[in-house]
Amino acid sequence: SNDDIWYPLIEMVRSWLAPSVPVVYVHGDGHVWTVTNPYTRAPTILDVEVDSGGNAPPLKVTIDPNADGWDLFHFDRQGGTYKSQERAKRRSEQKAIRAAERAKKRNGK
């Protein structure tokens with residue numbers, strides 16, 4: 001749960017910023033791409049969860065100062081999640097090949 005972060009963030013936004021100032025909270029807790037506003041107490045906070053932690057490309061965020069509300073934020077996932085399972089499979093295959101090569105050298109073949 002993000003309650004340890006969310007509730008202090010909500011209170012900070014409500015007390016420090018004007019009610020109409022949008023805030024984006026970017027995190028990778030669940031490792032699935034989502035964009036939500038889960039708290040009715042803080043309608044100006046947008047919760048952005050990036051996908052797959054360090055396996056995905058960086059999230060590129062641009063701001064359009066001429067837009068209003070949430071339209072001023074543009075999120076570019078730059079290709080989305082890398083297929084970490086495929087990468088892990090390739091690593092495993094490479095490791096097996098290296099082990100077989102070492103075994104051949106030990107056996108003089």
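Strand β3 (residues 45-49) is mostly covered, with five of its five residues buried. Buried means under 20% relative accessible area, exposed means over 50%, and partly exposed lies in between (1.4 Å probe, protein chains only). Helices (H or I, at least four residues) and strands (E, at least two) are DSSP runs, numbered from the N terminus. This is a predicted model, in which local features need pLDDT of at least 70, side-chain atom pairs count only at pLDDT 80 or more, and totals for chains, interfaces and linings use all residues. Residues are numbered from 1 along each chain as its sequence is written, and side-chain values use heavy atoms, with hydrogens and water left out.

**Strand β3 and its partners**

- Both faces of β3 are covered. Ile45, Asp47 and Glu49 are buried on one side, and Leu46 and Val48 are buried on the other.
- β1 and β3 run parallel and are joined by five bridges. Two strands pair if DSSP finds at least two bridges between them.
- β2 and β3 run antiparallel, with three bridges joining them.
- Val48 of β3 is the bridge partner of Val26. Val48 is also the bridge partner of Val35.

**His27 and Asp47**

- His27 is found in strand β1 (residues 23-27). His27 counts as buried because its relative accessibility is 8%.
- The side chains of His27 and Asp47 are joined by a polar contact of 2.5 Å.
- A polar contact is a pair of N or O atoms within 3.5 Å; within protein, one must be able to donate a hydrogen and the other to accept it, and residues adjacent in sequence count only if both atoms are side-chain atoms.
- Asp47 is itself one of the buried residues of β3.

**Aromatic cluster**

- The structure holds two aromatic pairs.
- In Trp33 and Phe75, the ring centres are 6.3 Å apart and the planes stand at 70°, so this pair is edge-to-face.
- Trp33 lies in the loop between β1 and β2 (34-36) and Phe75 in strand β5 (residues 73-76), so the pair ties together parts that are 42 residues apart in sequence.
- The rings of Phe73 and Phe75 have centres 6.4 Å apart and planes at 10°, so they are stacked.
- Rings of Phe, Tyr and Trp (its six-membered ring) pair if their centres lie within 6.5 Å; planes under 30 degrees apart count as stacked, over 60 as edge-to-face and the rest as tilted.
- Ring pairs link Trp33, Phe73 and Phe75 into a cluster.
- Trp33 is partly exposed at 24% relative accessibility. Phe75 is partly exposed at 25%. Phe73 counts as buried at 13%.

**Nonpolar surface patch**

- Met12, Trp16, Leu17 and Val21 make a nonpolar surface patch of about 380 Å².
- Like charges are joined within 9 Å, and nonpolar side chains (Val, Leu, Ile, Met, Phe, Trp, Tyr) within 5 Å.
- Accessible areas come from the Shrake-Rupley method with a 1.4 Å probe; for residues, only the protein chains shown count as cover.
- Val21 is found in the loop between α1 (3-16) and β1. Val21 counts as partly exposed at 31% relative accessibility.

**Gln78**

- Gln78 sits in the loop between β5 and α2 (84-106). Gln78 counts as partly exposed at 39% relative accessibility.
- Gln78 and Lys60 are 18 residues apart in sequence and 7.3 Å apart in space, C-alpha to C-alpha.

Technical notes: Patches are made of residues with over 30% relative accessible area and no salt bridge: like charges are joined within 9 Å, nonpolar side chains (Val, Leu, Ile, Met, Phe, Trp, Tyr) within 5 Å. A salt bridge is a side-chain nitrogen of Lys or Arg within 4 Å of a carboxyl oxygen of Asp or Glu.
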